[in-house]
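Trainee: I've got a model open and want to learn how to read it residue by residue. Can we walk through it together?

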Amino acid sequence: MRQTWRWFGPKDLVSIDDMLQAGVEGVVSALHHVPSGAVWTPEEISRRQREIATRADGSPSGIAWEVVESLPVSEDIKKQKGNWREHIENYKVSLRNLGAAGIEVLCYNFMPVLDWTRTDLAWRVDHGGTCMRFDHADFAAFDIHILQRKGAAEDFPAEIAEEAARRHAGMSEEQKKALAINVAFGLPGAAEHMTLDDVRAHLAEYGAINADQLRRHFIAFLEEVIPVAEQEGIRMCCHPDDPPYPLLGLPRIMSTEADYEAILSAVDNPSNGITLCSGSLGARSDNDLPGMMRRHGAKVHFLHLRNVKRETDALFGSFHEAEHLKGNTDMVALLAEVVKEEARRKAEGRSDVSIPFRPDHGQDILDDLKRKAQPGYPAIGRLKGLAELRGIVTALEHAEHGLLARA
């Protein structure tokens, strides 16, 4: 397994030097400043590669940009409206430019409007650190009473809608504003520029698009771009919905194993694969993460390893970002399946034996609390998670090699 680390570019408060001290082997990054739908030019790709390859003092870092996360799929492509055909052609050009730069793994998502959703970006946990949290009732308060989406109340269980009404009634104007900002933080682009009217306009564009139609749009996109990815030696891997259930009346089509099976079978190509995110998928109790890895490991091109703690027994409910080994996902069982998959790949002679993974998210602990880095991406919290994951992988690989040697 190849240890990687997400980096948001020169403005990231966790630096290249920091990640070197964490012992990572490669970098996950993107051109966040390039508008969705536009071409990633060779010049911009090369600039990001140079930034990653250079320490703060100007000396070589010894690490490279190995995984793209994400080359965004525009809302026009998802809706098949506006400039969607032009955006698909631009996507193909970007794929060719990434291939020419030697980058082989590309993570992306097909979530409409929201890239991810949390109601609290710094929820205090028992040990004094903070984490990101999704509170179902708080989200309902935003949807029903702040956004005032038509028909929103009918989308929630009666007890959640009632609790949302109580909470909203007790909120100050500052608390309502903070909740709206937290929810909007997962919108593509900068949350501070997104008004409630902007959110309503986004939602209105999806009014006539149900899950089946969105899935057809997704397959049409893949049929166009996957052949180009294959030509360029790029393995594309779709990230699941986060959280993996319907929000704001929007269709969600990458939330379960069945969702992945539908897309993988519709465009059956080695370059069409999975980003298995144990945190996103783990927010649903009916997702079997070790089983998904066992059954579909051949198509897993990238791993996000994090854990969430579900706070209720409901299929859709509140959860928070747990420590990497303390949530509802059995991380040891999941990693055991990854190690087995890598052994299978080695026996088959595949070139992509080592699956890149990154410690996804993390709790803000120690000096993270002062650094105030990108929400969900603290330096020390991720280092702690990486160290724990690294230890499990080392032990499992040692056992696997021992079994092979005795065989």
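Trainee: Is Glu341 buried or exposed?

Mentor: Buried means under 20% relative accessible area, exposed over 50%, and partly exposed in between, with a 1.4 Å probe and protein chains only. Glu341 counts as buried because its relative accessibility is 5%. Before we go on: this is a predicted model, where local features need pLDDT of at least 70, side-chain atom pairs count only at pLDDT 80 or more, and totals for chains, interfaces and linings use all residues. Residues are numbered from 1 along each chain as its sequence is written, and side-chain values use heavy atoms, with hydrogens and water left out.

Trainee: Which residues does Glu341 touch?

Mentor: A contact means heavy atoms within 4.5 Å. Leaving aside residues up to four places away in sequence, Glu341 touches Met293, Gly297, Ala298, Arg350 and Ile355.

Trainee: And where does Glu341 lie?

Mentor: Helices (H or I, at least four residues) and strands (E, at least two) are DSSP runs, numbered from the N terminus. Glu341 lies in helix 13, residues 331–348.

Trainee: Where does Phe316 lie?

Mentor: In the loop between strand 10 (307–310) and strand 11 (319–322). Phe316 has 32% relative accessibility, so it counts as partly exposed. Not counting residues up to four places away in sequence, Phe316 touches His136, Tyr245, Pro246 and Arg284.

Trainee: How many residues apart in sequence are Phe316 and Phe156?

Mentor: They are 160 residues apart in sequence, yet 9.7 Å apart in space, C-alpha to C-alpha. Ala395, found in helix 15 (residues 379–406), is 59 residues from Ala336 in sequence and 9.8 Å from Ala336 in space, C-alpha to C-alpha.
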